[in-house]
Amino acid sequence: MSMQYRPLGNSGLMVSSLTLGTVPFGGSHGFEKAASVDVKGARRLLDIAFEAGVNLVDTADLYSHGQAEEITAKALGDKRQDIILATKGRSPLGDDPNASGASRYHLIRAVEASLKRLGTDHIDLYQIHNWDGVTPVEETLEALHHLVTSGKVRYWGTSNYTGWQMMKTLGKAELHGLTKPISQQIYYTPESREAEYELMPLALDQNLGSLIWGPLGEGFLTGKVRRGQPTPPDTRQGNGWPEPYVHDMERAYDIIETLIAIGEAHDCSPARVCLAWLKDRPGVTSLIVGARSEAHLHDNLAAAELTLSEAEQRQLEQLTRPAPLYPYWHRVVAGMDRLDPAEKPFLDGYAETIKHRSDDRAADV
């Protein structure tokens with residue numbers, strides 16, 4: 001397959017444009033509806049991914065409360081040193097109020113527990129799974145700096161931060177001479193492009209890697225969810241899984257039908273079309289794909305070699321384009337010069353939308 005390799009921020013690491021996610025590994029502690037893969041199945045999925053050129057595996061202590069990490073370790077075996085291994089911590093893993101958050105106390109304990117479950121002496125990329133609004137960011141940075149200098153963690157990143165939280169983290173790290181994050185793991189799909197308001201321009205400006213979780217909307221954009229049709233109960237979206245939050249179901253149905261139509265033109269699945277479009281969006285480093293079956297994983301990985309026509313890319317971009325929010329619409333309407341290169345790829349779309357709205361309004365007068 002034609003797997004691409006891209007720099008992960010300013011680390012010097014080159015990672016595959018598709019990453020294997022491990023949410024499907026295990027199936028306990030609230031993950032019963034999303035996970036069912038055992039060690040044997042995980043080993044087969046890992047082999048398929050590696051054969052396709054994937055060199056990054058992403059897991060978390062939250063996934064089935066450590067079970068996914070344990071299965072990942074057993075399935076990897078002696079291949080551990082051949083790949084980049086990423087995990088995450090910060091999430092509550094029990095009733096103890098200190099078994100959560102991004103304090104030095106919790107993060108060091110969480111890393112040591114993940115190392116044990118993963119059967120390794122170091123984590124290549126350790127990610128803070130969500131913002132901690134209680135712990136001072138300096139405390140988190142000092143803990144991570146210690147973990148990096150001790151050799152237990154090679155690099156670190158964030159997940160699910162807002163733009164201001166990420167910039168605060170970067171600024172405080174630079175101010176105090178502490179190790180900076182190299183990446184962010186965020187949710188981004190054709191149906192949900194909010195990351196383009198702040199997070200993707202931030203990544204371009206600060207040279208951060210962007211790892212995309214749930215690029216298929218956690219199964220929402222695979223073609224199993226259709227307008228006027230029941231969703232199969234053996235799918236994540238059909239069995240009561242609570243994510244993702246969808247702002248406008250009618251718009252979402254239109255997007256799904258368009259993915260299906262483009263897929264039919266290429267004789268492939270709508271899931272493959274979705275991934276092929278998303279992987280080459282500005283600022284995207286790698287899409288994290290997770291599958292419970294070999295067939296679905298093969299199909300996802302085939303997105304690496306699918307090229308959509310310019311017309312198809314533009315059709316999806318126009319259909320899924322997010323609304324121009326302030327201050328973005330103001331910059332366009334006011335005709336501002338000196339646009340930031342990190343924002344321009346996204347402002348161009350807003351300019352087209354605003355022009356069409358203005359033309360429509362003028363016609364109504």
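Select Glu218 to begin, in the loop between strand E9 and helix H7, where helices (H or I, at least four residues) and strands (E, at least two) are DSSP runs numbered from the N terminus. Although Glu218 is not a glycine, its phi is positive, at about 55°. Glu218 counts as buried because its relative accessibility is 9%; buried means under 20% relative accessible area, exposed over 50%, and partly exposed in between, with a 1.4 Å probe and protein chains only.

Before going on, note that this is a predicted model, in which local features need pLDDT of at least 70 and side-chain atom pairs count only at pLDDT 80 or more, while totals for chains, interfaces and linings use all residues. Residues are numbered from 1 along each chain as its sequence is written, and side-chain values use heavy atoms, with hydrogens and water left out.

Stay in the loop between strand E9 (209-213) and helix H7 (249-266) and select Pro244, which is joined to Glu243 by a cis peptide bond with omega about 0°. A cis peptide bond also runs from Tyr326 to Pro327, with omega near 5°; to find Pro327, go to the loop between helix H10 (310-320) and helix H11 (328-333).

Next, select His129, in the loop between strand E6 (123-128) and helix H4 (137-149). His129 is buried, with a relative accessible area of 10%. Its side chain is joined to that of Ser91 by a polar contact of 3.5 Å, a polar contact being a pair of N or O atoms within 3.5 Å, of which, within protein, one must be able to donate a hydrogen and the other to accept it, and residues adjacent in sequence count only if both atoms are side-chain atoms. Leaving aside residues up to four places away in sequence, the residues that His129 touches include Tyr63, Arg90, Ser159 and Asn160, where contact means heavy atoms within 4.5 Å.

From there, move to Asn160, in the loop between strand E7 (153-159) and H5. Asn160 is a residue other than glycine with a positive phi, near 65°, and at 27% relative accessibility it counts as partly exposed.

Finally, display helix H5 (residues 163-176) with helix H6 (residues 199-206), which pack at an angle of about 25° with their axes 9 Å apart. H5 and H6 are therefore roughly parallel to each other, a term for angles under 35 degrees. The contact is made by Gly163, Met166, Met167 and Leu170 of H5 and by Leu199, Leu202 and Gln206 of H6.

Methods
Axes are lines fitted to C-alpha atoms, for helices over the stretch in contact, and angles run from 0 to 180 degrees between N-to-C directions. Angles under 35 degrees count as roughly parallel, over 145 as roughly antiparallel, 65 to 115 as roughly perpendicular and the rest as oblique.
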